[in-house]
Amino acid sequence: MATKAELDGAKLDFDGDMSYGDYLALDAVLDAQHPLSADHNEMLFIIQHQTSELWMKLMLHELNAAREQIRHDDLPPAFKMMARVSRIMEQLVHAWDVLSTLTPSEYSTFRPYLRHASGFQSYQYRQIEFMLGNKNEVMTRPHRHNEKRFAALDRELHRPSLYDEAIQLLARRGYTIDASVLERDWTQPYKHNESVENAWLAVYKNPNAHWDLYELAEELVDLEDAFRQWRFRHVTTVERIIGYKRGTGGTAGVAYLKRVLDVQLFPELWKVRTDL
């Protein structure tokens, strides 16, 4: 007797054909969790970080594309890509809620098995930071042992950031931007510049005349806002689980993460709110 699924036309035989699991390579994805301890809670820790890395892969995909669109003065697609990245960051903020169910006692059971492995060494996170303008050559060094990862980080270190491309666009649109900004050393972190602040101020004072630049500015602010929340939730989760212990990667742990919170990626876009 035929099942309801068969009567509804559902495909049941995938011999020689591509299934859902084949398309998503689920065997490889679901077989990638290898706890080193016998503790039940280590699986949560592994999956939390693996899924975060998958989301970061998508963020890099979108940010790279958005930067190219801005470089070619094609802003509407860039707006969609940047908005998507902001929503991904919101997803990552909520993901910390799951990890926060891990108590200090539970984490301390398997933490020694991590040895020196740490989220500090996430090369995709560093790529995102570099792409958003927080450049630091020192952060490439933990990846020298892996030629492919190091090369990807080094390329990003030497490229204009997303914000650098937005500033280049301002100059192409006729705003006066200091040459020291337009021709700066891309390997250095971006610093506030008055000519850039004046350009954004002009945009904000007359948004209807510069609507696409105005929208670009707001998408950038949304992006940094979401990034700040993601980093803040990271700090509070780490403090909740390990307090002020040093990180497994050798950093000062929560103290280091709190210092990172003070980094401002797009300073003129925040300063212009006071200027208006």
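In this report a helix is a run of at least four residues that DSSP assigns as H or I, a strand is a run of at least two residues assigned as E, and both are numbered from the N terminus. By that definition the protein, which is seen here as a predicted model, has 14 helices and zero strands. Read along the sequence, the pattern is therefore one α after another, α-α-α-α-α-α-α-α-α-α-α-α-α-α.

**Overall form**

The C-alpha trace spans about 70 × 55 × 35 Å along its principal axes. Of the 276 residues in the protein, 43% are buried. If we take the contacts between residues at least 6 apart in sequence, 70% of them join residues that are at least 24 apart.

**Two pairs of packed helices**

Two packed helices are described by the angle between their axes and the distance between the axes. The table gives these values for two pairs.

| Helix pair | Axes come within | Crossing angle |
|---|---|---|
| α4 (residues 42–71) and α7 (residues 123–131) | 9 Å | roughly 25° |
| α11 (residues 194–205) and α14 (residues 267–275) | 9 Å | roughly 60° |

For α4 and α7, the axes cross at roughly 25°, and this makes α4 roughly parallel to α7, because angles under 35 degrees count as roughly parallel. The crossing in which α4 passes α7 is left-handed. On the α4 side the residues that meet α7 are E53, M56, K57, M59, L60, L63, N64 and R67, and they meet Q124, Y125, Q127, I128 and M131 of α7. The residues of this contact divide into seven nonpolar, three polar and three charged.

For α11 and α14, the axes cross at roughly 60°, and α11 is therefore oblique to α14. Here α11 passes α14 in a right-handed crossing. V196, E197, W200, L201 and Y204 of α11 make the contact with E268, L269, K271, V272, R273 and D275 of α14. Six of the residues in this contact are nonpolar, none is polar and five are charged.

**How enclosed is helix α7?**

How many of the nine residues of α7 are buried? Eight of them are, so α7 is largely enclosed by the rest of the structure. The buried residues are Q124, Y125, R126, Q127, I128, E129, F130 and M131, and they pack against α4, α8 (147–157), α9 (162–172), α12 and α13 (254–260). Just after α7, G133 takes a positive phi of about 105°.

**The nonpolar core**

The largest nonpolar core has 68 residues, and those that touch the most other members are L132, Y163, W200, L220 and W230. Helix α12 (residues 211–242) gives the most to this core, with 13 residues. W230, when its neighbours within four places in sequence are left aside, is in contact with M56, M59, M89, L92, V93, W96 and Y125. Among these partners, M56, M59 and Y125 also belong to the contact between α4 and α7.

**A buried aspartate**

D164 has its place in helix α9. Is D164 buried or exposed? Its relative accessible area is 1%, so D164 is buried, since buried means under 20% relative accessible area. Apart from neighbours within four places in sequence, D164 is in contact with R184, W186 and Y190.

Methods: Residues numbered from 1 in each chain as written. Predicted model: local features only at pLDDT ≥ 70, side-chain atom pairs only at ≥ 80, totals over all residues. Heavy atoms only, no water. Axes fitted to C-alpha atoms, helices over the stretch in contact; angles between N-to-C directions. Parallel < 35°, antiparallel > 145°, perpendicular 65-115°, else oblique. Left-handed = near helix turned anticlockwise from the far one by under 90°. Contact = heavy atoms within 4.5 Å. Nonpolar A, V, L, I, M, F, W, Y, C, P; charged D, E, K, R; others polar. Core = buried A, V, L, I, M, F, W, Y, C linked by side-chain atoms within 4.5 Å. Buried < 20%, exposed > 50% of the residue type's maximum accessible area, 1.4 Å probe, protein only.
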